[in-house]
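Subject: Structure handover

Hello,

Here is the structure I promised to pass on. Please open it next to this email and follow along.

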Amino acid sequence: MPSPEAAVSSATPADHRPSLRRQLAILLAIAVAPAGILAVFQSVGTYRDALASSESAYMNDMILSSQRERDSFAGLRHALGALRASPAVGTFDQPDCDATLRNWVDATPAYALAVVVDEFGMTRCASTPDALGIDYSDSADWKEFMARPRFDIEAVARGRVTGERVIVAFTPLWRGAELAGNISVSIRTAFLEEMLSERVARGEAGRLAIVDETGATILRGGAEAASEPGLDWLPQPAELVPNLAGTPRIFRDGRGDVLAVAPLIDGRVWIIAGASAQEVYAGLLTRAAGQIAAPVAMWILAVGVAYVALDRLVLRHLTYLARLTRAYGRGKLSLRPRAAPGAPREIAILGEDLADMARRLESREAALREAAETKRALLLEVYHRVKNNLQMMVSLMRLQARRATDEVERATVERIQSRIHSLSLVHQTLYDTEDLHRVRLDMVLSEILAHAAQGREDLASPRLTLDPVTETAERATPAALFVNEAISEAMAEAERAGRSEGVELILRDNGGGAFCVSVAGPADRPDPRDPEALEVRLMAGYARQLRAKLRESTEGGQRLIVLEVPPPPEVRS
């Protein structure tokens, strides 16, 4: 189970969390989205219905209104049937057969020529003498007709007799059950082109054409009526033929144009109207875009209105209270929330609670500050009195040392005086600093060394290398006492040996709360100290108190004492 500290350190920083405004905007957008999506789907459905309606209207306007063309071809078929029933035509009776055909052609300006051909391909009757005697037996169209005798229509670029571009309609001529030949009528294409062009001029169509069952163009109308055969806007026969059905239909070709097809003669001739998608669906895309944009705009408006309402009623006030709370955290407890106009009652109550909390915190902070000042004054007084008492003891020890008659007694009193003086220096430093719990250890050690060197003019001046180290009183006191014992012993050893070398004191800051103290002085004997001596036992005790490592070495008449102090326990953990 993770510790509370680990839980705090692994928490997501507040700055990396999404803001309330963003979360509310997303939630509002999601909440309102179903209605907007439903409206969009309805608009799409409406658009599809309008699309189908436009196609149906186009088919009705362009194809189903082609009754005149349908009547023309239907009348042609009935007329051929009437000619076939004429006795003079059926028996090739001259001159009555020619007269019948001539009268029939003269009665209809659209007809250019009418002929009767026997089963051998020879013209037996004609509406004009120029057509008599023509042999069609070598014609591919005649051979195809004889193989499949039926009513048929084909376009001829230039008639053999008339010299005009015509449409030729064929119908079989039966004599009983036997095929006796056929009757054919040539219709001037100019007549049908005029009909198609009139429809184009009236705006009923932009592009019109008449095709046969193979997809070949029989006739065309409109601006392209005078162009070369084979209209560019018509699809290829492979694409067109599958759409030639017995009922009207509408389809889009590979280029996206809209084509409407309706039969003129079932199974033989169809009329086709073509237009671009923009012409057929004129204005439909604009209306559809407006229909789809309307619910989207309403959705955006609904989200915006709800967001603005929440921002003005809640978020704006919460942001202000959050800034005020941060100011309280920085110690500005004198600030008070101002009454925001239009704020909801819950927000106003929250602001009043924050103001009341700030007043209580301000009062408590003032009380704590006053208590801290009192505690500081009392602690300073304690440090001052302890320092004074220790100084009094030092003075008494000095008097006692002067009155001592024995050298051992005098040395013992001076050693005790030195230890008490070291304690006094620690309390004096505490009294003189702003921080009542931390001591400049380098300053204390410097004073101890200076005090120990007093009255020893025969020794060289001590050498100091001191890094600035600040420690608590609990750790500074044993360190100061340790240095006092080490320096006093080193100087006493120098005096006993009659040597003038001074003592060197080094204080190193190892970082992280750790430091190292080194005391070097003269020593004539390999180990002049008694392990049971008081000084040795005191230094070992101070090292244990600091949880420090104590090392001693003697080399070349110099003794080195090193105290390596680790960081305090709270830093190590």
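Let me start with a question: is Arg551 buried, partly exposed or exposed? Arg551 has a relative accessible area of 40%, so this residue counts as partly exposed. Keep in mind throughout that the model is predicted.

**Salt bridges**

Arg551 has a partner. It forms a salt bridge with Glu564, and the closest N and O atoms are 2.8 Å apart. Arg551 sits in strand E16 (residues 549–555) and Glu564 in strand E17 (residues 558–565), so the pair ties together parts that are 13 residues apart in sequence. Glu564 is partly exposed too, with a relative accessible area of 30%.

Why do such pairs form at all? Side chains of opposite charge can pair when their charged atoms come close.

How many salt bridges does a search of the whole structure find? The count is 11. Here are two others to look at.

Go to helix H11 (345–403). There the side chains of Arg360 and Asp356 meet in a salt bridge of 2.0 Å, N to O. The two residues are four apart in helix H11, so about one helical turn separates them. Arg360 is partly exposed at 47% relative accessibility. Asp356 is partly exposed as well, at 31%. There is a network here: salt bridges that share partners join Asp356, Arg359 and Arg360.

Next, find Asp442 and Arg440. Their side chains meet in a salt bridge of 2.7 Å, N to O. Which of these two is buried? Asp442 is, at 9% relative accessibility. Arg440 counts as partly exposed, at 31%.

**Surface patches**

Now turn to the surface. Seven residues gather in a patch of positive charge: Arg312, Arg316, Arg323, Arg326, Arg330, Lys332 and Arg338. Where is Arg338 found? Look in the loop between helix H10 (284–329) and helix H11. Arg338 is exposed, with a relative accessible area of 55%.

There is also a nonpolar patch on the surface. Met298, Leu301 and Val305 form it, and together they have about 310 Å² of accessible area. Met298 lies in helix H10. Its relative accessible area is 55%, which means that Met298 is exposed, since the cut-off for that word is over 50%.

**A covered strand**

Strand E10 (residues 269–275) tells another story. How many of its seven residues are buried? Seven of the seven are. Side chains in a regular strand alternate between the two faces of the sheet. In E10 both faces are covered. On one side Val269, Ile271, Ala273 and Ala275 are buried.

E10 has neighbours to pair with. Strand E6 (residues 207–212) pairs with E10 in the antiparallel sense, over six bridges. In this pairing, Ala209 stands opposite Ile272 in E10. Strand E9 (residues 258–265) is joined to E10 by seven bridges, and these two strands also run antiparallel. Here Ile265 has Val269 in E10 as its bridge partner.

**A hairpin and a parallel pair**

Move on to strand E14 (residues 504–511). Which way do strand E12 (residues 463–466) and E14 run, parallel or antiparallel? They run parallel, and four bridges join them. Leu464 stands opposite Leu505 in E14.

E14 pairs with strand E15 (residues 514–522) as well. That pairing is antiparallel and has seven bridges. Leu507 has Val517 in E15 as its bridge partner. E14 and E15 form a hairpin with two residues between them. Check Gly512 in the turn: this residue has a positive phi of about 70°.

**One more loop**

Last, find Ser86. This residue is in the loop between helix H3 (67–85) and helix H4 (87–90). Is Ser86 buried or exposed? Ser86 is buried, with a relative accessible area of 16%. Thr100 is 14 residues away from Ser86 along the chain. The C-alpha atoms of Ser86 and Thr100 are separated by 8.4 Å.

That is the handover. Write back with any questions.

Best wishes

Technical notes
Residues numbered from 1 in each chain as written. Predicted model: local features only at pLDDT ≥ 70, side-chain atom pairs only at ≥ 80, totals over all residues. Heavy atoms only, no water. Patch = residues over 30% accessible without salt bridge, like charges linked within 9 Å, V, L, I, M, F, W, Y side chains within 5 Å. Areas by Shrake-Rupley, 256 points an atom, 1.4 Å probe, with all protein chains shown as cover. Salt bridge = Lys/Arg side-chain N within 4 Å of Asp/Glu carboxyl O. Lys, Arg positive; Asp, Glu negative; His and termini not counted. Charge placed at Lys NZ, Arg CZ, Asp CG, Glu CD. Buried < 20%, exposed > 50% of the residue type's maximum accessible area, 1.4 Å probe, protein only. Pairing = 2+ DSSP bridges.
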